Amino acid sequence: MSTAAPVAPASNRASTKKALPEHFLDYKHVWVFVELERGEVHPVSWELLGEGRKLADKLGVELASVVLGAPGDATKLAAAESFRFGADLAYLVEHPVLADYRNESYSKAMTQLVKTHKPEILLLGATTLGRDLAGSVATTLLTGLTADCTELAVDADGSLAATRPTFGGSLLCTIYTLNYRPQMATIRPRVMAMPARDEGRTGRIVSFTPDLSEDEIITKLLRFVPDRESTKTNLAFADVVVAGGLGLQSAENFQLVRNLASTLGAEFGGSRPLVQKGWLTSDRQIGQTGKTIRPKLYIAAGISGAIQHRVGVEGADCIVAINTDKNAPIFDFAHIGIVSDAIRLLPALTEAFRQRLSPHQRDRLAG
């Protein structure tokens, strides 16, 4: 009679050894994709360079920016500007086919660059363009991508620890790309602080010419039509924001938020349930699935402060919370908490500010 050998317990994600295959050992340095469109760099690119600088310093490697675009001054200027925000070097990828963003051409150029120069970490903004590009590049390179991160760190063995909300925002999880490179992540605008601009900082430029042909790109740009609605809100970059939640009880009472915002020269927004109820348009939603904001002053009226909302506002310099429930989660991270009925308090605040602030002072507060 034979005895079967004991079966080893099945391995799981948590016990996986973070050991890289040999062909990935020469992947080094931190890269940030600089989103350049129609001559303008998206501010999230500079925010990511600030965060990338911290990661590169922790790993003892270089921080590189990646600029894709048509040959010309705007592309070169974006590369040079990246040095002011912390980059050590800039990969300048110029080609006529890259004049306008198209997924196929940009994905081919980026994957060719990655395979040639081999970064350890690649960060992109979680914008419409960045999300589209990141998914294609990660799929082509057969590597992992952590989307919409709220925090980035380097753990003890040098792996990227990318934290993001999960289960509808009720939990935060930290994700590792263990045995593949590059480690990729997208971060939404305003999640990370804007780094200080260093006018005297310089770096080196590495030019790269991708193997592209217009004939091989299926998508063609026929005409550019700007979105007339795109300039309506400026929540992500406003210095003062007033927002409302379900504690306002009705769509009519949301006018109280608008009135206070108007008096302060501020932007207004709200929590996700208000958008779901149709009280507010989606472009004014604040939180995990809406806008992330970093204002100097944030006034939240009737918002409970669940984690979905918290991750969108905790970068504010000063959070003033108004809620009837003294145990509301928002009081755990607000700088100033007021236990009161927002429906009664907002008109009083609005009148008090109206009497104390001249139009000139309102402009200065909002600016």
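Predicted model: local features only at pLDDT ≥ 70, side-chain atom pairs only at ≥ 80, totals over all residues.
Residues are numbered from 1 along each chain as its sequence is written, and side-chain values use heavy atoms, with hydrogens and water left out. Local features need pLDDT of at least 70 and side-chain atom pairs count only at pLDDT 80 or more, whereas totals for chains, interfaces and linings use all residues.

**Salt bridges**

The structure holds 19 salt bridges (a side-chain nitrogen of Lys or Arg within 4 Å of a carboxyl oxygen of Asp or Glu).

Select R38 and D100. Their closest N and O atoms are 3.2 Å apart, in a salt bridge. The pair links distant parts of the chain, 62 residues apart: R38 is in the loop between β2 (36–37) and β3 (40–41), and D100 in the loop between β5 (89–94) and α3 (103–117). Helices (H or I, at least four residues) and strands (E, at least two) are DSSP runs numbered from the N terminus. R38 is partly exposed at 48% relative accessible area, and D100 is partly exposed at 27% (buried is under 20%, exposed over 50%, partly exposed in between, with a 1.4 Å probe and protein chains only).

Next, select D148 and R131, whose side chains form a salt bridge at 3.0 Å, N to O. D148 belongs to strand β7 (residues 145–149) and R131 to helix α4 (residues 128–141), so the bridge ties together parts 17 residues apart in sequence. R131 is partly exposed, at 41% relative accessibility.

Move to helix α8 (residues 342–356), where R354 and E351 are three residues apart and so separated by about one helical turn. Their side chains meet in a salt bridge of 3.1 Å, N to O. R354 is partly exposed at 44%, as is E351 at 34%.

Then select R53, D57, D88 and R201 together: a network of salt bridges links these residues.

**The second largest pocket**

Select S271, R272, P273, A306 and H309, which lie nearest the centre of the second largest pocket among its 18 lining residues. A pocket is an open set of points on a 1 Å grid over the protein atoms alone, where a 1.4 Å probe fits, with protein on both sides within 12 Å along at least five of seven lines; lining residues have an atom within 4 Å of a point. The space in this pocket is about 270 Å³, a volume filled by probe spheres set on points joined across faces, edges and corners.

Show α6 (272–276) and α7 (307–313), each of which supplies at least two lining residues. The largest share, three residues, comes from α6.

Colour the lining by class to see five nonpolar, 12 polar and one charged residue. Nonpolar covers Ala, Val, Leu, Ile, Met, Phe, Trp, Tyr, Cys and Pro; charged covers Asp, Glu, Lys and Arg; the others, Gly among them, are polar.
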